Amino acid sequence: MVYNQLSQLSKNLKSNFFFNYDTSSSTWFRAGGFADLFCLVADEKELEIILNHSRDIPMFVMGAGSNLLIRDGGFRGIIIKLGKSFNNLAVNNNFIYAGASILDLNLSKFALSNSLSNLEFFSGIPGSVGGAVKMNAGCYGSETKDVLEKVSLITKNGLKKYLCKKDLDLTYRNSNLSHNDIITSAVFNVGFGDKEKIRLKIENIKCKREKSQPLRTKTGGSTFKNPKGFHAAKLIEESDCKGLKIGEASVSTKHANFFINQNKATARDIENLGKTVQERVYKKFNITLEWEIKIIGEESD
């Protein structure tokens, strides 16, 4: 009944609605099942309308799809993705205002073009601003919380909120935001710097990633969080998991904390590979690796 209402609603909105949507086309792993509904939202006003008509069904907000695995049975509910009107970027004094769907890489490029520093590390994060805030993304010694000032969001019930950094309880790869909180924009605190120095920092990050990560493959970024005092990649490698394969999913031989879809791996292949790695690491080091990849959806039959 709800989906029929949404189908009727879609005729009067600019947002794009895709029923029985193949989610594998939208995640970096290129694996996974079908969602009941995928919605590319045109703007904030339409987001509120869509939320008001879909309160009775599960919802998931998707960013770039870079650290997401949707199980082969698909997602029973609506997957929301913010569209182009959430791509705005602006500078005001020492602050950058960024829409939630801006890619982290593009945020760093924008800062560079305006000779603004402190956001160089975003060039090494494969995702979008909304996701970076929600999981306090970071790399090479910097985290989102180091530069975040405040965020705007809408809850599943349509309530608008404006939260300062301290309200989010940002810790390592975590915040107190729920999966139903939709970040619409964020404000970052930046400094004015030398454009060439900023460019060199970004170039250095790019070179480090090229050397150490399997960038041009069907992967999902870092698979597991680093346990306190340890590097997940080192634990995985020392547990004889580098190059390990299940089905057509494998542990990268270049960086052990990256999983690769070698051809037509299923989401189950990737998840089972992760479970096997977790078991081996726990057996050797008595450490439980925690997924950094977000896994949602239903198991296949």
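1. Two strands are said to pair if DSSP finds at least two bridges between them. Strands here (E, at least two residues) and helices (H or I, at least four) are DSSP runs, numbered from the N terminus. On that basis, Ile246 stands opposite Ala249 in strand 17.

2. The model is predicted: local features need pLDDT of at least 70, side-chain atom pairs count only at pLDDT 80 or more, and totals for chains, interfaces and linings use all residues. Residues are numbered from 1 along each chain as its sequence is written, and side-chain values use heavy atoms, with hydrogens and water left out.

3. The sheet that contains strand 17. Four strands form an open sheet in the order 15-18-17-16, with antiparallel pairing. Its edge strands, each pairing on one side only, are strand 15 (218-219) and strand 16 (245-246). Strand 16 is joined to strand 17 (residues 249-251) by two bridges, and the two strands run antiparallel. Helix 7 (residues 267-285) packs on the sheet and touches strand 16, strand 17 and strand 18 (259-261). The direction of helix 7 makes about 35° with that of strand 17; axes are lines fitted to C-alpha atoms, for helices over the stretch in contact, and angles run from 0 to 180 degrees between N-to-C directions.

4. Glu271 in helix 7. Glu271 is found in helix 7. Glu271 is buried, with a relative accessible area of 7%; buried means under 20%, exposed over 50%, and partly exposed in between (1.4 Å probe, protein chains only). Not counting residues up to four places away in sequence, Glu271 touches Leu69, Arg71, Trp291, Ile295 and Glu299, where contact means heavy atoms within 4.5 Å.

5. Helix 1. In helix 1 (residues 2-10), the buried residues are Val2, Leu6, Leu9 and Ser10. Seen down the helix axis, these buried residues fall within an arc of 100°, so they line one face of helix 1; the arc is that of the directions from the helix axis to the C-beta atoms. The buried residues of helix 1 pack against strand 1 (16-22), strand 2 (34-41) and helix 2 (44-52).

6. Strand 5 and its partners. Six of the eight residues of strand 5 (residues 75-82) are buried, so strand 5 is largely enclosed by the rest of the structure. Strand 2 pairs with strand 5 in the parallel sense over six bridges, and Cys39 stands opposite Ile80 in strand 5. Strand 3 (residues 59-62) also pairs with strand 5 in the parallel sense, over four bridges. The bridge partner of Val61 in strand 5 is Ile80.

7. Leu68. This residue is found in strand 4 (residues 68-70). Leu68 is buried, with a relative accessible area of 4%. Leaving aside neighbours within four places in sequence, Leu68 is in contact with Thr27, Phe29, Phe60, Met62, Ile293, Lys294 and Ile296. Leu68 and Gly83 are 15 residues apart along the chain, and their C-alpha atoms are separated by 18 Å.

8. Helix 3. The buried residues of helix 3 (104-113) are Asp104, Leu107, Ser108, Phe110, Ala111 and Leu112. They pack against strand 6 (89-92), strand 7 (95-99), strand 8 (116-117), helix 4 (129-134), strand 13 (182-189) and helix 5. Helix 3 is followed by Ser115, whose phi is positive, near 55°.

9. The second largest pocket. About 500 Å³ of space lies in this pocket. On a 1 Å grid over the protein atoms alone, a pocket is an open set of points where a 1.4 Å probe fits, with protein on both sides within 12 Å along at least five of seven lines; lining residues have an atom within 4 Å of a point. Grid points are joined across faces, edges and corners, and the volume is the space filled by probe spheres set on the points. The lining has 23 residues, of which Leu105, Ser123, Ile125, Pro126 and Arg209 lie nearest the pocket centre. Helix 3 and helix 5 (195-212) are the elements that give two or more residues to the lining. Helix 5 gives the most, with five residues.

10. Positive phi in loops. Tyr140, in the loop between strand 9 (138-139) and strand 10 (142-143), has a positive phi near 50°. Tyr140 counts as partly exposed, at 38% relative accessibility. Asp169 lies in the loop between strand 12 (160-164) and strand 13, and its phi is also positive, near 50°. Asp169 is partly exposed, at 48% relative accessibility. Neither residue is glycine.
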